[in-house]
Each structure stands twice: as C-alpha cells, then as structure tokens.
Amino acid sequence: MATATGGSEHTPLLPGGANTSQAGSSYSSAFGVTAGELTDMLDPKDPEKLQELGGAAQICKKLQVDPKVGLRQREQIGASGEHYDEPFQARRAAFGRNTLPDANVVTFWQLLYAAYNDHTLIMLTIAAAVSLAVGIYDDMLGSHKDDEVKVGWVEGAAIFLAVLVVCFTNAINDYQKEKQFQKLNAKKEDRTVKVRRDGGEVEIGVQELNVGDILLIEPGDIIPVDGVYLDGHNMTCDESSATGESDAVKKGTMDEGRDPFVLSGAKVLEGVGSMVVVAVGTRSFYGKIMMAMRQGETAVTPLQRKLDILAEQIAKYGMSAAILLLITLTVKYLVNCALAPEFPPASIMFSQF
C-alpha cells in the first residue's frame, strides 16, 4: 500500500497546483501560514512540507485553533486583534470560502444556435430559400400570376417552418436539461457535516466550513475539504475519485507511517477520526478538479463522433445528388427548348423550370 511518506516524485496532479492566488496574503500572514503553503503540501502530497510547517499540531497553532475545542462559533476578532462585523471574516479573507464560483450558464439563444449549427438544417434552409423565391416569382410574374389563390410560396415556407420546429424543440429540451442539472448540483452540495466548535459537536452546511475547522469523520462520509489527519481509529479512505488510485488508503499520523493527508472527494470506508481543514473552495483538491473540468472542452464520445461523421456524409452526398439532379434537369430542359419550333421567352422558361 503506497502512502504519502513513500512518494519520491513531487509532481502536481492538477495544473496550477503549486501556483496559488495571492489574494488575502496580508490576512494569511497574520495567521502565521499562507493558503499557498497549505495547498502546496497537498498537490502533490508532500510530507516534507508538512514537517517544515511543524506537523499537524503546529498547523493548528498557526491557524489559532485548539483541536480539542475547535473554532469559536462567533469568531469576530482577527489574528492581530481587529474586530470584524461577520464571524470568520478574517479567516475567509485569508483562506477563502468553501464555495465554487458560479459556472457560466448557457443561454437559450446559445442552445438555439447550437441546434441550428447542423449541416442538414443549413442545407434545408438554403433549399427553402430557393423554393420560396421561385414560388413567389411564379405567383407574381410567372405562369400562376393570374391565379386567384397563390400557393407557390407554401412549399418553401413549410420547409422553413420544419427547420424552426426542429431547432426550437432541441433548444427547449437542452435548456430544460441544463436547468435540471443545475438543480441537481445545488442539491448535491446541500448537505451537512459534523465539526467541533466551542468544545462541542455541531452540524453545519459544507459551505460554512472554514480553514481551521476540526472536521469529525465517520464511515460513509464524502470529504468536502482538504485536511490533515489529527486522531482517530482505523480510518480508511477511497481516494479513487480524486487521485485515480483504486487501493484504499489508511489514514494516520506520520509517526505511525501512514498517510496524514485527507483529500476532498474521498470516501470514508471505515473507521472514525478528526482532521484540521487546510484548504477549501477552489484551493481544495476537489475544487481544482471542478474548475479544470469547467475550463476544458466536453469530451465527445465515440458514438457521438461516428454520428457526426455520418450526418456530415449524408449532408455532403445529399447536396451532391441535388446539384447533379439540378444540372441534369437544366441541361434536359435547355435541350428540349432548343429543339422546340420556337424558343420560349425567359419568363416562361423560369416558371416552367
């Protein structure tokens, strides 16, 4: 079983793992440790940096928290004695909140444009425009100009209507799916965890966690933040969702020769314990993964790729067949006109063609 103490390579698993934002550095210095120093020891896991910071006990001291008592519920005095209006204001300014910025929401019109951006629909639009132009010309100036009911425009308008129905149907379905997906994500983050504050156990929402909180861990918990192990019994975590490693990792102190780092996104398989929170929000391992997924392009599945290729081939073959048929009919009509006793005028030719 590989632990953090046995690793020889210190390569970040996530891009930008070692480059942390310097916002709130003045607040961090007041706590005796910066957000960058805390996150650098997590990605990659680096026991040497943990030792440089003095271990879990010294980290708690620098974060001004007693592991046996936890944070004060109404902490409003900063590390240098400043008084703040809101609880944990200085701590959150130094290390951030346990929230992720809102993702860019795709608008309905963007979905509508994406639905229309299809070769087949574009080809149908061109065909509808040509059919509509020919029909209107035939109704106004051609062979049907004297008809009481003008119906030459119907075919082109029907194709336009079909294209609009397809585009709006796809866009509305995708928009509803986006809304449902946002609600599911919000519901997924709406959960509570147990922490130690003012010497007692309390339940708070995951978004209310702060760096320095003493998080109490039980079997089945999904760890919402990064932390350093303090104490416990036989705690084992599945970190496959964070690191890709399928083997369960036993947690413990470095003195016990075990992995002291508890990553966000890991699932507690067995045992109980407590840890001090050292990274939240976009600075946590899970937060970095989520932000990287937002910035990256959506992966196309092999089936989607094959369907796209098939649709493009159908559009190309359909357009080629249409052009070939148009050329053939044009040549045939011109030959018939040339063989006629009298070559018809242009208006008649256009309406009949």
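## Starting at Thr125

Leaving aside neighbours within four places in sequence, Thr125 is in contact with Tyr116, Phe160 and Val163, where contact means heavy atoms within 4.5 Å. Thr125 belongs to helix H7, residues 119-140; helices (H or I, at least four residues) and strands (E, at least two) are DSSP runs, numbered from the N terminus. With a relative accessibility of 18%, Thr125 counts as buried. Here buried means under 20% relative accessible area, exposed over 50%, and partly exposed in between (1.4 Å probe, protein chains only).

## How to read the model

This is a predicted model, in which local features need pLDDT of at least 70 and side-chain atom pairs count only at pLDDT 80 or more, while totals for chains, interfaces and linings use all residues. Residues are numbered from 1 along each chain as its sequence is written, and side-chain values use heavy atoms, with hydrogens and water left out.

The average pLDDT (the predictor's confidence in each residue, from 0 to 100) is 81 for the protein chain, and 83% of the residues score at least 70. Two stretches call for caution. Over residues 1-10 pLDDT stays under 50, and the model has 18 contacts for them beyond four places in sequence. Residues 16-26 also stay under 50, with 15 such contacts.

## The chain as a whole

The protein chain has twelve helices and seven strands. It comprises 353 residues, and 34% of them count as buried. Taking contacts between residues at least 6 apart in sequence, 68% join residues at least 24 apart.

## Strand E4 and its partners

Which strands pair with E4? Strand E4 (residues 226-238) is joined to strand E7 (residues 267-279) by ten bridges, and the two run antiparallel. Two strands pair if DSSP finds at least two bridges between them. Asp226 has Ala279 as its bridge partner in E7.

E4 also runs antiparallel to strand E6 (residues 261-262), with two bridges, and Gly227 stands opposite Val262 there. Strand E5 (residues 249-250) is likewise antiparallel to E4 and joined to it by two bridges; Lys250 in E5 is the bridge partner of Thr236. In the loop between helix H9 (240-243) and E5 you will find Ala248, which is partly exposed at 31% relative accessible area.

Beyond four places in sequence, Leu38 touches Val33, Leu53, Ile59, Leu63, Phe95, Val211 and Val278. Ile59 is also one of the buried residues of helix H4 (residues 55-62), along with Gly55, Ala56 and Cys60. These buried residues pack against helix H2 (35-40), helix H3 (47-52), E4 and E7. After H4 comes Gln64, whose phi is positive, near 60°.

## Salt bridges

The whole structure holds nine salt bridges, each a side-chain nitrogen of Lys or Arg within 4 Å of a carboxyl oxygen of Asp or Glu. In one of them, Lys45 meets Glu239 (2.8 Å, N to O). Lys45 lies in the loop between H2 and H3 and Glu239 in the loop between E4 and H9, so this pair ties together parts that are 194 residues apart in sequence. Glu239 is buried, at 2% relative accessible area.

Lys45 also forms a salt bridge with Asp259, the closest N and O atoms being 2.6 Å apart. Asp259 sits in the loop between E5 and E6, so its pairing with Lys45 links parts 214 residues apart in sequence. Both Asp259 and Lys45 are buried. Through shared partners, salt bridges join Lys45, Glu239, Lys251 and Asp259 into one network.
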